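Hi everyone, thanks for coming. Please have a look at the structure on the screen, and then I'll walk you through it.

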Amino acid sequence: MRYKLTFVVGLALGYVIGTRAGRERYEQMKKSAREISQNPAVRNAAESAAQTGRQFAGKAYHAVSDKVGDKLPASVSDRIHALRHHNGQVTEDDWGVSNT
């Protein structure tokens, strides 16, 4: 319940600040966010985090598959196998998330 309340308060606060700031401030924040996201240091950090996440996901998959064994549905195991062996190509999954 505490997290829901925090979320709702944050949402309300963001709405109030956003309506008072206006379109000009929104465009300014959008430009700043774009500049930060295009910074090479930020891009390298994001790629490093993504790679680390993929490594942990692989370890988690093996740990779970060792415990679950053949109880894992074939559709899940086939999907994970396909994502792990995509030959270096960036693919997009069913949810529109790229596997980079």
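**A walk along the helices**

Of the 100 residues of this protein, 4% count as buried, where buried means under 20% relative accessible area, exposed over 50%, and partly exposed in between, with a 1.4 Å probe and protein chains only. This is a predicted model, in which local features need a pLDDT of at least 70, side-chain atom pairs count only at pLDDT 80 or more, and totals for chains, interfaces and linings use all residues. Residues are numbered from 1 along each chain as its sequence is written, and side-chain values use heavy atoms, leaving out hydrogens and water.

How confident is the predictor?

Now the layout. There are three helices and zero strands, these being DSSP runs numbered from the N terminus (H or I, at least four residues, for helices; E, at least two, for strands). Along the sequence, the pattern reads α-α-α.

Let's start with helix α1, residues 2-37, where L11 lies. L11 counts as exposed because its relative accessibility is 54%. Together with F7 and V8, L11 forms a nonpolar patch on the surface, with about 330 Å² of accessible area in all. Such patches join nonpolar side chains (Val, Leu, Ile, Met, Phe, Trp, Tyr) within 5 Å, or like charges within 9 Å, from residues with over 30% relative accessible area and no salt bridge.

On to helix α2, residues 40-68. N39 caps its N-terminal end, with a side-chain oxygen 2.9 Å from the backbone nitrogen of A41.

And which side chains meet in a salt bridge? Those of R54 and E47, at 3.3 Å, N to O; the cut-off is a Lys or Arg side-chain nitrogen within 4 Å of an Asp or Glu carboxyl oxygen.

Technical notes:
Polar contact = N/O pair within 3.5 Å; in protein donor to acceptor, adjacent residues only side chain to side chain. Areas by Shrake-Rupley, 256 points an atom, 1.4 Å probe, with all protein chains shown as cover.
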